[in-house]
Each structure stands twice: as C-alpha cells, then as structure tokens.
Amino acid sequence: MTLEQLVRPNVRLLTPYSSARSEYKGQASVLLDANENPFETGLNRYPDPLQWQLKARLGELKGCAPERIFLGNGSDEAIDLLVRIFCEPRQDSIIILPPTYGMYQVAADIADVGIVAVPLTEGFQPDVPAILAAASAHTKILFLCTPNNPTGNDFDPALVQRLLADFPGIVVIDEAYIDFARRESYLSRIGQHDKLVVLQTLSKAWGLAGLRLGIAFAAEPIIQLLNKVKPPYNINQLTQEAALRALGATAQKDEWVHTLLAERARLSQALEALPYVEQVYPSHANYLLVRMADPVGVYQHLVSAGVIVRDRSRVLRCEGCLRITVGRPEENELLLASLAALA
Ligand SMILES: *Cc1c(COP(=O)(O)O)cnc(C)c1O
C-alpha cells in the first residue's frame, strides 16, 4: 500500500494549527505576534516548534538529514501519533509481537484501534510467515522492538529485512536500546523504505529519562505527517537546551555504556551461578531476563531488601521470569548479595 492509502483521510485533509512562530521564522528585534510577556525570564518566548538547532545536532551525530527527524515528548508521543495518523478507530489495527513493550497496545487501546498479537517464536524471534498471514489492508502498523523489551534479544536482521520488504503497511522499529546492541541502526535503511520509522530515545543510554525526548527517523512524507498532527510546541525550551547540552557530551554516554556492558556480563555470570536460576537470556540491552524457580518469592525477598526489579512472570513466554535492569556496580553488588542469601 502507498503512504497515501495508509493515512487516515481526515489526517490527509487536515489543516494543521498555524502558530505564531511557524508563520514568522526570521530574526526580528520586536516580537509582538504571540501574546507573550515581553519581559525577559529566559523562558518568556515560545520555543522553536520544529526544534531545528537540536535536529541539526542530532542529524550530525546520527548521519541523518534534519528533515528526516521528528522529536517527541518521549518516544511514547511518537508511538501515539503514529497510531492516530494511520489507524481509523474501530476499523484498523496494529500488529504487535508479544512479549513486548506495553505502550504499543496502550496507544492502540486509547485510540480504539484493534490489536493483532502475533507472539514471538520460542527463541523470541518474529514469526515472519504468521505476521505476513495476519497482514491485511486494515493492519496499518507493525511494531518491531529490537532489542526487544522485556526479552533483551536483538531480532535476526534477515527476518527484519523480510518484514521490511514484504509487510504492506508501516514498519516501526523501536530501537530504544540500540546503544547497548552490537549492530548498526536500521536508520540507514530509511532511504530505501518510505514506510519505515525508526524510534530512538534519550531515556536509556543517554541518561535522560526525566527529560522526555524521543526521536523518530523516517522519510520526509512521514515526518511531515507527524509534524502536522503534533501539539505545536511539544518540545519545551528547557528540554531543547538540555538535550543540546547532553548531545555534546557523547564521551560521557559512551563511558556509561561501556561500564553497563561490563556490568551486564558480570551480572549475567553471577546470576547463572545461583542454584535456583534456570536461565539468564542473552541480552543486547541494559537489562537481563532471568528465569528461575520461584520468581514471585524472589521478587518479594528483593523488595524486603530494598531492591526493586520487574516481575514479568505472568507475561506470555516469560513465565518464571524477572527482568533486572543493570545498575551501578555497587547496586549490582547489593542485588547479588541479596540473591545469594536465598541460595
Ligand atoms: C523505555 C522504552 C522506550 C522509551 O520511551 P520514552 O517515552 O522515550 O521514554 C521506548 N521503547 C521501548 C521498547 C522502551 O523500553
């Protein structure tokens, strides 16, 4: 299907809100067009609605044209907008591959859009024939989360390639954990696939979950649709400034990633050595999925020791599992000490 056919008609025909700052973009000394307070507070002016300075920096860092970048109030905003751009309520659906990130389903539920769940295989890989069999003119978006949350594995690139080639709708590849994976981003494929959206975020490796900045990369027609439906000033001035500052400090991010990868390996080994741990799944992210005999008992024990992990034991294909985020070295020590006390 073409992009034109995939977009909801009302969105295709939409006249977007036109803000003062999008109507006059030049440098003027007297701005009397936006009903702002003229007295300087550092924040008295509306921010750049399209965040060009920040996108220029991101584009440089990622090797991507700024016109192929959309910024959201977290990736969650991009997920929500994509569902609302492409899926007609009570008519269209998204395809998700459980077990996976919960926000795809929540965004669809809020928009009253259907959900077609095609579970990952036993090895946590996309079931390509089943996905393509489930695809129809109404399954507008396929969400691929790789590395996948909560399983931690990266999908086989050959399977992703087949879905990029054969899925008729929009393919969203959520790369929230790309900095912890050992491969290139699918961002480099945007030139070849006009219906591909790659999501990244400053919430994980960059250490800025509190900032709320998510990134969508796509060919320009999809970016233009996202810009058309987003709230005009969705990224506030403080966020734009803090993100620019953080993106200047790539060495700090790299050092954190280096430390966390070493800690992930150490934690994985130590967990495997515990008698009640049945399996530590390989991870390309900053967490480990761990299968054990009594996950709820272990969870409760950890809570009483002041260590909170995520109980995923009631999630499809994650029976018996806790998801454990890799912490600072001393936090991981505390976790391991508490777990050793149970052995
Ligand atoms: C954490 C996470 C995100 C990040 O969402 P933000 O809204 O950018 O904080 C996105 N996708 C997945 C799979 C995640 O685990």
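The report covers the ligand site, then the cysteines.

This is a predicted model: local features need pLDDT of at least 70, side-chain atom pairs count only at pLDDT 80 or more, and totals for chains, interfaces and linings use all residues. Residues are numbered from 1 along each chain as its sequence is written, and side-chain values use heavy atoms, without hydrogens and water.

**Ligand site**

The ligand sits in the largest pocket. A pocket is an open set of points on a 1 Å grid over the protein atoms alone, with protein on both sides within 12 Å along at least five of seven lines. Sitting there means that more than half of the molecule's atoms lie within 2 Å of the grid points. Around the ligand are 14 residues, of which Ser75, Tyr177, Ser203, Lys204 and Arg212 come nearest. A residue counts as near with a heavy atom within 4 Å. The shell divides into five nonpolar, five polar and four charged residues.

| Side chain | Distance to a ligand oxygen |
|---|---|
| Tyr177 | 2.6 Å |
| Thr201 | 2.7 Å |
| Arg212 | 2.6 Å |

Taken alone, the ligand exposes 390 Å², and the protein buries 94% of that. Areas use the Shrake-Rupley method with a 1.4 Å probe.

**Cysteines**

The disulfide count is zero. A disulfide needs two cysteine sulfur atoms within 2.5 Å. The closest cysteine sulfur to that of Cys145 is in Cys318, at 12 Å, too far for a bond. For Cys321 the closest is also in Cys318, at 5.3 Å, again too far. Cys145 is buried, at 3% relative accessible area. Cys321 is buried too, at 0%. Buried means under 20%.

Key
Buried means under 20% relative accessible area, exposed over 50%, partly exposed in between (1.4 Å probe, protein chains only). A polar contact is a pair of N or O atoms within 3.5 Å; within protein, one must be able to donate a hydrogen and the other to accept it, and residues adjacent in sequence count only if both atoms are side-chain atoms. On a 1 Å grid over the protein atoms alone, a cavity is a set of points where a 1.4 Å probe fits but cannot get out, and a pocket is an open set with protein on both sides within 12 Å along at least five of seven lines; lining residues have an atom within 4 Å of a point. Ala, Val, Leu, Ile, Met, Phe, Trp, Tyr, Cys and Pro count as nonpolar, Asp, Glu, Lys and Arg as charged, and the others, Gly among them, as polar.
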